[in-house]
Amino acid sequence: MNRSRYWLVVPAAGIGQRMQADCPKQYLRLDGRYILDITLSRLLQHPCFSGCMVALHPEDSWWPGTLASTNPRIHTCTGGRERADSVLAALAALATRAAPDDWVLVHDVARPCLHPGDLDRLITRLSGHAVGGLLAAPVTDTLKRTRPGSLEVEATVDRSSLWRALTPQMFRYQILAEALVKALDAGVAVTDEASAVEHAGLIPELVEGRSDNLKITLPADLALAGFILGQIGGGPSVPNSENQ
């Protein structure tokens with residue numbers, strides 16, 4: 001019986017409007033390095049991956065200047081308007097290489113602070129799972145629900161069973177591809193890969209991850225990400241080698 005392989009998919013076709021920057025947020029720099037390069041280097045340090053597909057904006061002019069662009073293990077395709085479109089484009093680009101039961105790990109390009117222990121735990125915990133799952137962190141803040149159309153508090157929400165969805169999200173290749181197509185055809189808002197899998201009637205499993213797996217969204221997040229990376233180690237540049 002053939003062992004399932006692991007593929008990394010990184011949707012990077014967004015323009016990051018909320019960052020108020022002159023370039024997409026994945027091309028902002030932390031300690032002189034592109035966020036995209038940091039993110040890819042941290043994941044590709046793990047020995048499991050057979051390859052990586054990055055979905056880029058069709059007018060992306062920054063990619064050729066990255067370290068990642070020189071890595072033969074990293075390939076690119078043209079992404080779509082929404083995240084789900086970009087992930088589907090990446091899966092289509094992997095169609096001749098990936099088997100139906102292979103694993104696909106989808107990771108936000110703007111999450112450079114993934115801890116290697118979390119990645120290893122996700123892969124280990126889900127390796128025998130029929131469907132897959134995702135990293136998540138339990139909600140620790142008190143949550144309030146407002147009245148419709150106002151900022152008046154209607155109720156305090158029980159947080160005991162609530163989790164924040166993180167990435168990577170890890171699913172079987174065929175399951176993820178079919179779930180995304182089905183959800184998009186039905187007009188479902190696909191906010192992450194797990195939501196599409198859930199819409200298909202399947203049950204992802206949560207794997208607890210660190211709460212500092214930050215997604216850079218606003219300008220203030222950049223300094224916080226730099227601090228977190230300084231605490232856990234930023235990792236080396238993306239190696240230009242087949243062997244890691």
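This is a predicted model: local features need pLDDT of at least 70, side-chain atom pairs count only at pLDDT 80 or more; totals for chains, interfaces and linings use all residues.
Mentor: Residues are numbered from 1 along each chain as its sequence is written, and side-chain values use heavy atoms, with hydrogens and water left out.

Trainee: Why is Asp120 called partly exposed?

Mentor: Buried means under 20% relative accessible area, exposed over 50%, and partly exposed in between, with a 1.4 Å probe and protein chains only. Asp120 has 38% relative accessibility, so Asp120 counts as partly exposed. Asp120 lies in helix 3 (residues 116-126), where a helix is a DSSP run of H or I with at least four residues, a strand is a run of E with at least two, and both are numbered from the N terminus.

Trainee: What makes helix 2 oblique to helix 4?

Mentor: Helix 2 (residues 83-93) and helix 4 (residues 173-185) pack at an angle of about 140 degrees, with their axes 10 Å apart; the axes are lines fitted to C-alpha atoms over the stretch in contact, and angles run from 0 to 180 degrees between N-to-C directions. Angles under 35 degrees count as roughly parallel, over 145 as roughly antiparallel, 65 to 115 as roughly perpendicular and the rest as oblique, and the angle of about 140 degrees therefore makes helix 2 oblique to helix 4.

Trainee: Which residues of helix 2 and helix 4 meet?

Mentor: With contact meaning heavy atoms within 4.5 Å, Ala84, Asp85, Val87, Leu88, Leu91 and Ala92 in helix 2 meet Tyr173, Leu176, Ala177, Leu180, Val181 and Leu184 in helix 4.

Trainee: Why are the buried residues of helix 2 placed on the same side?

Mentor: The buried residues in helix 2 include Ala84, Ser86, Val87, Ala90 and Leu91. They cover an arc of only 160 degrees around the axis, which puts them on the same side of helix 2, the arc being that of the directions from the helix axis to the C-beta atoms.

Trainee: What makes the buried residues of helix 6 line one face?

Mentor: In helix 6 (residues 219-232), Asp221, Ala225, Ile228 and Leu229 are buried. Down the axis of helix 6 these residues fall within an arc of 100 degrees, so they line one face of the helix. They pack against strand 2 (29-30) and helix 1 (35-44), whereas the face turned away from the buried side carries the exposed residues Ala220, Ala223, Phe227, Gly230 and Gln231.
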